[in-house]
2 protein chains.
Amino acid sequence: MTMSASTLGTEVPQLSARAKVSGRAVYAGDVKLPGMLHGKVLRSPYPHARIVSIDTSAARALPGVKAVLTGDDAPDTLWGVHKKERAVLAKGVVRFAGEEVAAVAATSDEIARDALDLIQIEYEELPAIFTPDEALDEEAPGVHPGRNNIAHEIRFERGSVEAGFAEADLIHEATYSTHAQYPGYLEPMATVAALDGDGRLQVWTSTQSVFLARGRIATVLGLPVSRVRVMQAMTGGGFGGKIVEDDNQLVCGLLALKTGKPVRLVNNRLEDFLATPSSVPERITLKLGMKRDGRIVAKDVRIVAECGAYAGLSPEVMHVSAMRSDNMHRLQHVRSHATLVYTHTPPHGAFRGFGGTQMLFALNSHIDTMARELGLDPVAVHKLNAMQAGDTSVHGWKIGSTGLRECLDQCTKAMDWHTRRARSAAGQTGVKRRGVGVAAAMHVSGNRTMGNWDGSTVVLRLNEDGRAVVLSGECDMGQGAATMLAQVVAHELNIPLAHVHVAPPDTDTSPFAIGTLASRVTMSGGNAALVAGRKAKAQLFDVAAGLLGCEAEQLEIADCQVRVIGEPTRAKPLGDVVRQHIWRHGGEGLQVSGSWDPQTQMFDPATLMGNIAAAYSFAAQVVEVEVDTETGQVSVVDSFVSDDCGKAFNPLAIHGQSNGATAQAFGWALYEQLQVEGGRIANGNFADYNMPTADAIPLLRGGLVESNDPNGPLGAKGASETAILPGAPAIANAVFDAVGVRITDLPITPEKVLAALRAQRPESQHA
Amino acid sequence: MTMSASTLGTEVPQLSARAKVSGRAVYAGDVKLPGMLHGKVLRSPYPHARIVSIDTSAARALPGVKAVLTGDDAPDTLWGVHKKERAVLAKGVVRFAGEEVAAVAATSDEIARDALDLIQIEYEELPAIFTPDEALDEEAPGVHPGRNNIAHEIRFERGSVEAGFAEADLIHEATYSTHAQYPGYLEPMATVAALDGDGRLQVWTSTQSVFLARGRIATVLGLPVSRVRVMQAMTGGGFGGKIVEDDNQLVCGLLALKTGKPVRLVNNRLEDFLATPSSVPERITLKLGMKRDGRIVAKDVRIVAECGAYAGLSPEVMHVSAMRSDNMHRLQHVRSHATLVYTHTPPHGAFRGFGGTQMLFALNSHIDTMARELGLDPVAVHKLNAMQAGDTSVHGWKIGSTGLRECLDQCTKAMDWHTRRARSAAGQTGVKRRGVGVAAAMHVSGNRTMGNWDGSTVVLRLNEDGRAVVLSGECDMGQGAATMLAQVVAHELNIPLAHVHVAPPDTDTSPFAIGTLASRVTMSGGNAALVAGRKAKAQLFDVAAGLLGCEAEQLEIADCQVRVIGEPTRAKPLGDVVRQHIWRHGGEGLQVSGSWDPQTQMFDPATLMGNIAAAYSFAAQVVEVEVDTETGQVSVVDSFVSDDCGKAFNPLAIHGQSNGATAQAFGWALYEQLQVEGGRIANGNFADYNMPTADAIPLLRGGLVESNDPNGPLGAKGASETAILPGAPAIANAVFDAVGVRITDLPITPEKVLAALRAQRPESQHA
């Protein structure tokens with residue numbers, strides 16, 4: 001009997017698990033090179049100031065100091081995804097507290113730190129803008145000279161929103177505020193840069209994209225991309241913060257170029273808080289029109305988002321907030337006006353969920369409110385409006401698959417939705433009251449935005465032992481990309497997962513790749529791996545057919561052999577076939593390249609219409625909270641998130657991602673908040689910045705929905721990002737369910753809950 | 001006007017030149033890893049002994065010692081190219097003085113050395129065999145138990161040698177002795193081995209073949225090849241000694257596996273003398289029959305060669321000695337009987353020239369002698385007998401091109417052959433007498449011996465700046481393979497050489513390759529690069545035709561642009577075309593794979609017939625010597641070597657190789673000699689082992705002959721090895737020309753010359 005070696009659908013530990021738990025994993029900060037220097041960065045203490053003078057002489061004189069660089073030493077080329085506006089080291093002006101002003105390389109970390117203290121800088125403090133409202137004042141000076149403070153603006157209308165509202169039985173408008181969340185990965189940003197023998201700049205770094213990093217480093221440092229080699233070190237989390245918005249790689253590369261020595265630059269946690277983009281705070285005013293039966297007939301959105309001092313990826317994030325959730329429901333009449341605003345605060349940018357979290361907090365809160373008003377179950381409202389497979393959305397998105405209804409059914413069933421909701425609705429009188437809330441979400445699997453390609457290439461090599469090596473430029477930051485690629489290849493070749501090695505991304509040897517963002521890697525990388533696996537199998541069968549005297553169509557791979565189907569003794573070990581592929585006239589090593597690019601359509605810059613992703617993924621979540629009416633404390637006591645991942649290649653990894661996303665959502669909803677006081681981050685450490693720890697999180701439950709996407713590799717879609725989206729609104733809705741107060745301003749702190757509870761009481765009950 | 005960017009035919013410095021002169025090149029010994037241990041090897045002081053006991057307790061107890069391994073810790077799998085007969089660490093018996101008996105890994109090199117001193121070994125010395133004659137004695141014990149001392153034997157006869165001799169006007173027989181030469185590369189053998197996070201064994205090493213190294217390390221250490229990754233560090237010379245006959249990689253890998261730590265094992269010079277195969281000493285009895293006009297009508301060869309304690313590659317070397325020179329001349333009747341013999345001496349093996357040097361010393365000496373006897377110019381004899389393009393040799397070799405006659409003409413003209421020879425022939429009477437000698441040689445460009453493939457694959461990637469990355473598994477040890485590959489690609493794409501980066505061989509990312517041996521890389525790797533370059537160009541033109549609105553056939557590459565031929569303004573920068581190749585529907589990074597395998601034929605194991613190489617290269621050399629008749633000292637005062645390299649891609653590199661080869665030949669002929677006393681190498685250092693230094697070498701001259709081989713890439717053949725072949729016999733012939741004595745026993749020491757001069761004088765003149 002033929003046993004399948006495939007692990008698809010089974011729970012497998014990630015390929016890097018052993019390296020990580022054994023301490024053998026080499027993170028960028030673990031890279032040690034002979035003669036390596038240690039870098040340190042001096043940051044602005046002021047949110048806005050003119051640099052009057054910098055005296056580096058004392059720092060330079062310190063023994064062991066090899067370089068002290070300032071803005072004068074930095075390239076003139078500015079960087080930034082959306083706008084090129086940020087210098088590697090500030091030139092003349094600093095625009096946020098934390099901005100990189102000087103950099104040191106020294107023979108030890110301690111000397112480098114001491115040298116920072118010896119740099120004398122005279123600043124002239126300038127008036128700073130800390131809020132979007134101040135920034136949008138017509139009198140406000142521009143954060144960037146010669147420009148107003150609007151970094152980006154999006155406007156569109158589909159159908160007629162006014163006509164839609166005219167049809168509505170209920171119209172509701174409210175404003176929601178969301179705040180910045182620090183990505184909180186375990187590994188702060190880290191880079192080692194060194195010139196190779198030929199003077200090329202080699203960079204080992206913590207990154208989500210080696211090729212985007214290479215392009216940016218080369219451009220900014222004035223090198224052709226071929227003179228830069230970027231290698232992904234083991235990466236301890238990214239969550240969007242390690243795409244292309246860090247200055248760490250650029251400063252480190254500059255120090256290496258200037259000193260000619262290897263330089264290691266590892267952020268400590270405070271530096272990482274200061275330097276890494278946090279998520280984009282948005283104030284969302286949402287107006288929704290609904291028919292009595294729950295059908296949404298009009299949607300009008302106004303967003304004011306804040307990017308901080310530099311735009312980074314915030315315009316793209318806001319674009320998502322302004323549009324993506326429109327595609328979850330069958331809408332006709334929608335309008336958005338979104339404005340991104342500069343302030344003198346640390347930059348915001350990409351973050352897991354990428355703008356979806358913000359808008360879905362508003363939308364799910366709103367639907368909950370309106371459903372209650374209409375006496376409807378919000379679950380029914382979501383299901384009534386939900387897009388179906390085969391639908392094209394108001395923005396032109398083609399929904400190939402959706403498991404949203406199944407997700408809603410699954411999580412509500414698992415959470416006894418009707419029972420628990422009935423209980424809440426029946427009224428509770430104790431100090432601690434419970435409530436349940438639901439939220440629905442959608443995300444993309446890939447995103448045709450950058451250039452006009454969203455493809456991926458996998459090079460697959462078979463060795464003479466019949467095992468495989470996979471070369472891909474898509475990065476694994478811990479979410480499981482490498483394991484996924486290996487699973488797909490192992491499945492296609494029907495070989496054990498342990499027989500597939502995935503080489504870490506390296507711009508010299510990996511095929512070109514966009515990297516890991518927009519939940520694109522399972523979709524594009526997985527499909528490319530499938531193509532490569534099939535090509536390799538065809539080559540194996542071609543050679544084996546000759547060896548076994550049969551047709552290629554008669555062959556299968558099983559038990560690490562190529563054999564004739566139905567005649568298991570007519571077989572050749574895979575390794576023999578690979579060797580024969582080489583050792584013959586006209587032979588060569590068995591190496592194939594598989595590429596895949598989705599048949600998607602970039603959005604039209606004028607109309608913003610287009611089918612941007614190969615697939616769309618969905619999720620729904622129910623949470624139960626307990627609210628202490630005396631303290632205002634909200635505790636999540638139960639949670640079930642359902643993830644429509646298309647096809648679950650590795651349920652263990654998906655649950656891991658869903659759990660992590662859920663915890664991160666809970667942190668955003670309840671605990672985490674960057675304390676920015678006078679433009680300065682005041683809690684840039686894990687003691688004061690409260691990420692939820694185990695005692696704040698109940699045993700997280702979750703389930704998978706397999707909607708088998710027609711474009712996905714064997715049906716799969718992106719799975720790692722969607723699950724962060726519904727957590728916060730589900731909590732807000734549960735809080736309302738428990739105690740009848742609607743918190744529209746995240747995070748949901750005890751103070752806000754208490755204040756709302758007080759406001760809710762009749763006048764006479766006030767103390 | 002279109003300027004060609006090609007450097008083919010021009011003198012370009014090697015790509016690694018800057019890295020080497022700036023000290024930035026990373027040789028294996030320069031690789032530093034965190035927690036790296038230092039390895040040391042304890043070697044047998046006896047040529048033959050039983051290991052009675054080993055006490056490692058004191059060594060293990062030394063603080064800082066992390067492992068002390070002996071034969072008991074070594075794998076049972078034995079290694080060796082021809083016969084698997086050698087243990088990583090000796091098991092019970094040592095068979096040569098220098099054999100690896102124990103290995104230590106410690107936290108410093110000093111501690112490791114101290115630990116060696118603490119290992120207590122009791123040996124029982126056993127009778128040792130030091131010469132082939134002793135070994136071939138029927139009573140002699142077997143160096144390897146249960147076998148006689150014949151490691152390998154070759155016999156063949158083509159035509160009828162007896163009939164040939166019957167036709168001869170002159171028959172001459174003589175015996176020649178050649179000795180072992182140490183490869184003398186600047187970088188002794190070095191390896192760093194470490195487990196990666198996943199427990200795979202990573203090896204940085206000085207090697208001529210990463211894939212042969214990987215296969216051997218995996219097999220011997222009991223790992224699947226996919227669990228081993230071999231990366232070529234910058235390599236400081238190989239000369240055949242770094243193919244697959246070292247124990248360094250295996251010991252280092254074993255230490256890393258046993259300790260779980262990175263281990264660095266770098267031979268010091270003495271260790272390298274003891275551990276590295278030197279060239280195979282052969283005693284050659286040659287009988288040649290010649291017609292009066294110089295035509296060779298019969299050749300009979302008997303060879304007794306010595307491999308030392310382990311056969312290694314010596315069987316293949318002897319095979320070459322027995323056959324290859326037969327293909328230089330139009331012969332009909334040839335016979336060989338070659339016997340390879342074990343002795344208790346350090347192993348011999350591959351060495352630049354690979355058996356050709358030994359036999360060509362005999363043959364050229366012989367032809368010189370017989371030509372004199374017949375009153376002929378040896379140059380005329382070579383030319384008369386020389387194979388012509390289109391000929392098939394007596395062994396089935398198809399000579400696609402030969403520049404041998406042109407080489408002879410070139411070097412004799414450059415050296416004023418007739419004038420100087422006439423002078424010598426006229427007689428000289430001073431103490432210092434001058435003479436000239438000539439020799440001719442042939443070599444292979446590739447060799448279909450291993451498995452049945454002699455091909456190569458080049459992966460070529462174009463980056464978004466229009467520059468190229470070449471991935472090849474063929475190794476550059478300094479001879480210029482990387483520069484050659486870059487030149488071919490740059491030529492084909494018509495881009496500057498500096499725009500091509502050749503990544504160092506790495507078994508995880510480079511296409512499978514045999515590696516650098518048998519002068520095969522220009523032939524197979526160069527052709528593969530050509531195929532890859534053409535494929536890449538086709539893809540560029542395909543995309544550019546769309547951009548420029550023309551047919552692909554109308555396009556050319558010039559000035560880093562793709563442009564319409566004859567319309568230089570209709571052009572796109574290469575980088576734009578590459579970007580467009582990616583950023584489009586169905587796009588992908590521009591990466592192609594080019595493979596090439598020659599249409600050669602492996603020799604039949606029974607008949608030894610076959611056309612083994614895609615091309616054959618030729619050389620001729622004239623040297624002038626001055627012989628001091630009072631001291632016997634021979635000095636080379638002038639030399640001109642002509643190299644038929646097919647097509648000279650980089651005359652600078654070829655001259656460098658020719659000069660190096662000439663110096664190495666002079667060393668072998670006159671200076672270098674391993675002093676093996678009682679089986680022990682007595683001069684394993686550069687003070688006592690006399691490689692020729694600058695004052696022993698005249699200004700070396702040389703020239704190129706371009707015979708444009710039909711199979712070669714753009715006509716080229718292997719160029720680096722042939723030039724070592726004619727040096728020694730040319731000197732021997734020049735010595736005869738100067739003073740009339742025939743030295744048949746290398747090296748040509750003053751003692752031998754003096755003794756021969758004395759023997760030459762009439763009885764009365766003796767002192």
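Colleague: How much area do chain A and chain B bury between them?

Modeller: About 4700 Å², with 49% of it on carbon and sulfur atoms. Keep in mind that this is a predicted model.

Colleague: How many residues does the contact take from chain A and from chain B?

Modeller: Chain A gives 57 residues and chain B gives 57 residues.

Colleague: Which residues in chain A lose the most area to chain B?

Modeller: A:R24, A:W583 and A:H585. Together they make up 15% of what the chain A side buries.

Colleague: How many salt bridges are there across the interface of chain A and chain B?

Modeller: Four. One salt bridge has the side chains of A:R18 and B:D198 meeting at 3.8 Å, N to O.

Colleague: And how many residue pairs in polar contact between chain A and chain B?

Modeller: The count is 34, with both residues of each pair at pLDDT 80 or more.

Colleague: Which element of chain A gives the largest share of the side that touches chain B?

Modeller: β19(A), with three residues. Elements of chain A that each supply at least two residues include α1 (17-21), α6 (210-221) and β25 (590-596).

Colleague: New topic. How is chain A divided into domains?

Modeller: Domain 1 covers 36-126 + 186-237 + 242-275. Domain 2 covers 278-448 + 604-765. Domain 3 covers 455-596.

Colleague: How far apart are the C-alpha centres of domain 2 and domain 3 of chain A?

Modeller: They lie 39 Å apart. The contact takes 20 residues from domain 2 of chain A and 17 residues from domain 3 of chain A.

Colleague: What area do domain 2 and domain 3 of chain A bury between them?

Modeller: About 1300 Å², 64% of it on carbon and sulfur atoms. A:F649, A:P713 and A:L714 supply 38% of the area that domain 2 buries against domain 3, more than any other three residues.

Colleague: Now the sheets in chain B. What is the strand order in the open sheet of seven strands?

Modeller: β3-β5-β1-β12-β9-β10-β11, with mixed pairing.

Colleague: Why is one side of β3 and of β11 of chain B left without a neighbour in the sheet?

Modeller: β3 (65-70) and β11 (228-232) stand at the edges, so each has a single partner strand. From one strand to the next, the twist averages 20 degrees.

Colleague: Which helices of chain B pack on that sheet?

Modeller: Helix α6 (residues 210-221) of chain B is one of them, touching β10 and β11. Its direction makes about 145 degrees with that of β11(B). Helix α7 (residues 248-259) of chain B packs there too, at about 25 degrees to β9(B).

Colleague: How do β9 and β10 of chain B run, parallel or antiparallel?

Modeller: Antiparallel, joined by five bridges. In β10(B), B:W204 is the bridge partner of B:V192.

Colleague: What about the open sheet of four strands in chain B: what is its order?

Modeller: β18-β26-β27-β30, and the pairing is mixed. Its edge strands are β18 (432-445) and β30 (701-705) of chain B.

Colleague: Do β27 and β30 of chain B run parallel or antiparallel?

Modeller: Parallel, with five bridges between them. B:F640 has B:R701 as its bridge partner in β30(B).

Terms used: Residues are numbered from 1 along each chain as its sequence is written. Chains are lettered from A and ligands numbered from 1 in the order in which they are written. This is a predicted model: local features need pLDDT of at least 70, side-chain atom pairs count only at pLDDT 80 or more; totals for chains, interfaces and linings use all residues. Side-chain values use heavy atoms; hydrogens and water are left out. Two strands pair if DSSP finds at least two bridges between them. Axes are lines fitted to C-alpha atoms, for helices over the stretch in contact, and angles run from 0 to 180 degrees between N-to-C directions. Contact means heavy atoms within 4.5 Å. Domain bounds come from an automatic or database domain assignment. Buried area is the accessible area (1.4 Å probe) that two parts lose on being put together, summed over both. A polar contact is a pair of N or O atoms within 3.5 Å; within protein, one must be able to donate a hydrogen and the other to accept it, and residues adjacent in sequence count only if both atoms are side-chain atoms.
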